Amino acid sequence: MPTISLQVNGKTVSGEVQGNTLLTDFLRQNLGLTGTHVGCDTSQCGACVIHVNGDSIKACTMLAAQADNASVTTIEGLSQGDDLHPVQAAFREAHGLQCGFCTPGMIMSAADLLSKNPNPSEAEIRSWLSGNLCRCTGYHNIVKAVQIAAGQMSGQRIAAE
Amino acid sequence: MTAQGIGAAVKRREDFRFIKGDGKYTDDINLPNQTYCYFLRSPVAHAAIRNIDISAAQSAPGVVAVFTGADVDASGAGGVPCGWLVTSRDGNPMKEPKHPILAVGKVRHVGDPVVAVIAETLEQARNASELVQMDLDELPAVVNMKSALQGGSSVHEEAADNLCFDWELGDQAATDAALAGAAHVTKLDLVNNRLIPNAMEPRVAIGQYAPGTEDYTLYTTSQNPHVIRLLMGAFVLSIPEHKLRVYAPDVGGGFGSKIYHYAEEALVTWASKHIRRPVKWTSDRSEAFMSDAHGRDHLSHVEMAFDADNRIIALKCETLANMGAYLSTFAPCIPTWLHGTLLAGQYVTPAIYTNVKAVFTNTVPVDAYRGAGRPEATYILERTISKAAQELGVDQAELRRKNFIQPNQFPYQTPVAVVYDTGDYEPALNKAMELADYAAFEQRRAEAKSRGKLRGIGVASYIEACGIAPSSLVGALGARAGLYEAATVRVNPTGSVSVLTGSHSHGQGHETTFAQVVADKLGIDIGNVDIVHGDTDKIPFGMGTYGSRSIAVGGSALVNALDKVIEKGKKIAAHLLEASADDIEFANGAYTVKGTDKSKAFGDIALTAYVPHQYPIETLEPGLEETAFYDPKNFTYPAGTYICEVEIDPQTGSTQIVSFSAADDFGNVINPMIVEGQVHGGVVQGVGQALMENAVYDDNGQLLTGSYMDYTMPRADDVPSFKVATLAGTPCTHNPLGVKGCGEAGAIGAPPAVINAIVDALKEYGIDHIDMPATPEKIWRAINAQPRMAAE
Ligand code: FES
Ligand code: FES
């Protein structure tokens with residue numbers, strides 16, 4: 001079994017994995033990071049979205065072995081200590097979650113969107129998030145949450161300048 | 001209203017764990033020494049089992065045990081029970097064939113579990129399952145309901161004609177007479193398409209047996225852990241309640257699909273005793289498609305009769321309802337008592353008659369899915385009345401208005417058994433029309449036409465029955481359980497409160513709304529209230545969450561328990577304040593002697609109850625904890641009007657929802673933010689049914705839509721943002737909060753609103769109906785099959 005070593009949420013971790021172990025399983029089973037969810041077996045629900053080297057990806061489409069040497073952020077690593085990431089805070093603010101199962105993937109997708117497109121239109125938000133299924137919210141409040149987060153983050157950037 | 005009390009849009013307290021990835025769902029639980037179960041399922045729809053050879057699988061690497069139906073049978077375990085007995089119109093009980101945990105003798109649908117393989121790892125269990133030899137003798141599959149009833153192959157020996165029951169409600173003679181004498185009759189054949197619920201969290205079950213104490217624990221993704229304990233303990237495995245704990249932690253959505261007791265729950269629990277180790281099963285999505293109960297699947301013929309003044313005088317409806325291969329927990333009640341009883345809708349309809357034939361087929365069992373019976377009833381009424389408006393040449397909104405039950409007619413006895421306690425339907429219609437800018441629609445249609453698009457508008461005015469229901473009534477109608485709810489309010493010595501509720505939250509936000517009720521009633525900070533649910537070891541009893549019953553029934557139980565707490569506190573306060581208990585008032589978190597400023601804070605009373613030094617100990621027990629069971633007096637009847645506006649591209653047949661407006665009367669509302677969220681989610685499920693979702697079987701009973709590649713779910717870019725108004729409304733008259741329930745309305749009202757809009761857009765082609773789901777292909781074919789009527 002190959003041994004892999006990677007950065008997960010800022011910490012170096014290593015472990016032995018089988019060649020066919022999915023990254024989702026490695027995160028959930030080996031590292032106990034159960035915030036990354038598995039909602040399908042055809043890579044279509046987005047419950048498993050994490051960031052690998054700064055890009056959002058569906059962790060169920062990646063082998064753990066492919067993440068060797070990568071830098072991974074999961075939902076557990078998105079906030080800085082007790083300070084929520086603006087997207088996390090906005091999801092609560094806008095009631096962008098109900099059962100919470102799609103939420104980690106949604107938040108990780110939305111955070112990546114805003115890092116690449118700080119001021120997306122509603123259509124751009126909906127299009128970006130079309131890889132993430134939510135069965136509870138009807139998306140209305142998720143879109144609102146992303147808009148709130150975009151406003152927050154641009155406010156922060158202006159304040160920082 | 002206080003900032004945290006009833007009516008306030010309090011942000012959800014449960015969100016913190018979910019947004020941090022800290023939720024604890026069943027699959028996040030791993031027990032020491034746990035094994036993994038993989039179910040080998042039938043690959044065919046219908047076959048006799050000749051032989052199952054498990055020997056090679058038994059000796060495969062890592063395998064701990066392999067079980068078949070024969071093993072389960074030999075242990076004396078029962079089948080998966082059905083919780084509702086429907087009686088046919090000839091007085092005979094429904095046919096109720098056994099539903100074995102693992103198939104015995106025959107397999108009856110693709111996905112029917114046949115063998116359970118348990119191993120050290122999931123991969124080993126899965127690999128070993130490939131070594132099982134299933135020798136099956138294929139039989140003709142029963143798929144289509146109409147041909148199922150014509151004989152041939154039978155799903156069950158007990159029901160040679162595949163008829164489960166043949167039920168009726170209403171006055172057939174009066175209805176037929178009214179139809180015969182009507183000025184106009186609108187007729188329609190309707191398909192209510194089969195849906196697959198698809199909560200985003202797949203089902204999971206972990207069984208654990210403790211040999212030392214002979215206790216069992218089942219961790220499961222359930223909407224009602226006490227009901228699972230009752231069904232599995234009493235009917236399947238003969239485990240008494242005190243030896244069986246059922247725990248449903250965070251559950252990732254249910255929509256009905258997690259109400260039922262499933263075979264997998266029983267198997268892992270049963271097996272954990274045999275192998276003396278925990279057994280975990282996690283459904284993958286493909287498995288969920290063929291093992292979670294499906295929803296809807298009705299075929300109906302409707303006739304609606306009008307007099308010369310366009311008043312509805314009768315409704316007749318004949319329905320075939322698919323039960324699938326076995327009767328799931330609530331299946332028989334969905335097309336009957338949750339469907340036929342809603343056929344008056346919001347309208348004065350003097351005569352109604354409905355006949356429902358329930359049919360066994362070689363398909364996955366069908367049971368309640370968000371709305372359950374009420375979406376089917378609403379679709380029947382609301383499609384038909386819009387078609388009638390078209391035929392009569394009148395406006396679809398005005399035809400509804402004309403036929404509404406008037407506010408002074410409540411309580412209103414419908415001709416289909418139920419009594420609506422309260423309602424007022426015009427304000428919702430008016431509000432929806434205002435939100436939708438109904439008056440200016442024809443300009444928008446013309447503008448769209450100039451761009452080559454077909455624009456249409458559709459109205460739907462729904463009613464539903466929530467908060468199921470008085471136990472004596474449902475008992476008379478066939479329910480094999482009571483349908484009350486229980487709540488315990490435990491006031492801790494320092495004045496904080498733990499609520500133990502039998503309702504279960506899997507997205508509804510009870511940890512916030514139930515706490516708001518407590519904060520409001522006791523005048524304490526919401527942060528001092530904890531809502532505990534989902535664990536039969538912690539909560540005295542409960543019937544769970546479905547049918548939009550949590551706040552109406554569970555919330556009422558909570559209020560009654562709070563009232564008992566307040567009453568007991570009055571006696572303690574009277575003692576401390578040296579007054580008579582009759583003179584003590586409780587308000588804003590303090591007990592006061594009427595007309596004085598002598599007062600004690602609620603926290604002081606709590607402390608005194610647990611440190612009873614100065615206490616009426618002769619007449620009052622120490623402690624401050626009360627339990628209430630609440631049995632509702634009636635259903636509640638939320639109602640509203642939804643208006644959908646679509647644009648269709650005639651070149652491709654694709655539909656875009658350009659606007660959707662919803663106006664609802666849910667009675668009193670605890671948290672408007674959460675209520676609106678429920679509407680959004682329900683509407684999108686309804687839009688999904690109307691436009692894209694469809695479970696399709698081929699003639700051999702193979703599920704063609706077995707993954708997200710083939711079963712289309714609404715995504716963020718398929719729907720717009722919504723205009724939602726929750727009206728002040730008409731509070732429920734028979735529960736203490738005046739609440740009605742809001743969880744299913746969206747899924748009930750949306751499908752006819754969408755289809756009515758599509759048909760309105762297509763009317764210039766002479767198209768008067770499109771079946772759900774109205775896919776681009778279906779619309780394109782309809783457009784291209786019709787000679788164009790409108791002059792070019
Ligand atoms: S688990 Fe569904 S996309 Fe990864
Ligand atoms: S919040 Fe339940 S699936 Fe999105």
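Across the interface of domain 1 and domain 2 of chain A, the rule finds 7 residue pairs in polar contact, both at pLDDT 80 or more; a polar contact is a pair of N or O atoms within 3.5 Å, one able to donate a hydrogen and the other to accept it, with residues adjacent in sequence counted only if both atoms are side-chain atoms. The side of domain 1 that touches domain 2 divides into 6 nonpolar, 10 polar and 2 charged residues. This is a predicted model, in which local features need pLDDT of at least 70, side-chain atom pairs count only at pLDDT 80 or more, and totals for chains, interfaces and linings use all residues. Residues are numbered from 1 along each chain, chains are lettered from A in the order in which they are written, and side-chain values use heavy atoms, without hydrogens and water.

The two domains of chain A span 3-76 and 86-153, with bounds from an automatic or database domain assignment. Their interface includes 1 salt bridge (a side-chain nitrogen of Lys or Arg within 4 Å of a carboxyl oxygen of Asp or Glu). A:K116 and A:D55 meet in a salt bridge at 2.5 Å, N to O.

Turning to the two chains, 55 residues from chain B and 46 residues from chain A take part in the contact (heavy atoms within 4.5 Å). Between chain B and chain A, the count is 4 salt bridges. A:R135 forms a salt bridge with B:E693, with the closest N and O atoms 2.7 Å apart.

Methods
Nonpolar A, V, L, I, M, F, W, Y, C, P; charged D, E, K, R; others polar.
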